[in-house]
Amino acid sequence: MKTNTVVKKWGNSLGLRLPMSIVKENQIFDGEEFNIETTQNGTITLTPKQKKRYDLLELLEDVNESNLHGESSTGDPLGKEIW
């Protein structure tokens with residue numbers, strides 16, 4: 001996808017706002033870190049520093065009889081909890 005954005009002053013730095021279409025398409029989240037790489041011809045490349053997305057089925061593959069546990073008590077209700 002190709003789109004335009006404008007460089008704006010942000011404190012002592014300059015910042016780029018990412019259009020929501022780019023954010024959604026690339027599943028970018030607030031606080032996500034990126035590596036910035038430049039070339040001699042002026043090309044700037046942003047690459048997610050760590051893009052590990054967890055998959056529930058993949059995580060559940062590690063559940064077995066030896067690490068499965070029962071219920072845990074957290075004590076009596078302290079507020080208006082309904083059990």
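**Fold and overview**

Read along the sequence, the chain follows the pattern β-β-α-β-β-α. The radius of gyration of the chain is 22 Å, well over the 12 Å that the globule rule gives for 83 residues, so the chain is more spread out than a compact globule. This is a predicted model, in which local features need pLDDT of at least 70, side-chain atom pairs count only at pLDDT 80 or more, and totals for chains, interfaces and linings use all residues. Residues are numbered from 1 along each chain as its sequence is written, and side-chain values use heavy atoms, with hydrogens and water left out.

**Overall shape and surface**

- The secondary structure comes to two helices and four strands; helices (H or I, at least four residues) and strands (E, at least two) are DSSP runs, numbered from the N terminus.
- For the radius of gyration, C-alpha atoms are used, and the globule rule is 2.2 Å times the number of residues to the power 0.38.
- The C-alpha trace of the chain spans about 60 × 35 × 25 Å along its principal axes.
- Of the 83 residues in the chain, 6% are buried; buried means under 20% relative accessible area, exposed over 50%, and partly exposed in between (1.4 Å probe, protein chains only).
- The chain has an accessible surface of about 8700 Å², and carbon and sulfur atoms account for 53% of that surface. Accessible areas come from the Shrake-Rupley method with a 1.4 Å probe, and for residues only the protein chains shown count as cover.
- Among contacts between residues at least 6 apart in sequence, 10% join residues at least 24 apart; a contact means heavy atoms within 4.5 Å.

**Charges**

- There are 10 positive and 13 negative side chains in the chain, and the centres of the two sets lie 19 Å apart.
- Lys and Arg count as positive and Asp and Glu as negative, while His and the chain ends are not counted. The place of a charge is taken as NZ of Lys, CZ of Arg, CG of Asp or CD of Glu.

- β1 and β2 (residues 13-16) pair in the antiparallel sense over four bridges; two strands pair if DSSP finds at least two bridges between them.
- W10 has S13 in β2 as its bridge partner.
- Two residues lie between β1 and β2 in this hairpin, and G11 in the turn has a positive phi of about 65°.

- Strand β3 (residues 34-38) and strand β4 (residues 44-48) run antiparallel and are joined by five bridges.
- The bridge partner of T38 is I44 in β4.
- Five residues lie between the strands of this hairpin, where G42 takes a positive phi near 90°.

**Single residues**

- M1 lies in the segment before β1 (7-10) and counts as exposed, at 63% relative accessibility.
- Leaving out residues up to four places away in sequence, M1 touches S21, I22 and E25.
- M1 and N41 are 40 residues apart in sequence and, C-alpha to C-alpha, 21 Å apart in space.
- K24 has its place in helix α1 and is exposed, with a relative accessible area of 62%.
- Between K24 and Q50 there are 17 Å in space, C-alpha to C-alpha, and the two are 26 residues apart in sequence.
- Q27 is found in the loop between α1 (20-25) and β3, and counts as partly exposed at 45% relative accessibility.
- Although Q27 is not a glycine, Q27 has a positive phi of about 50°.
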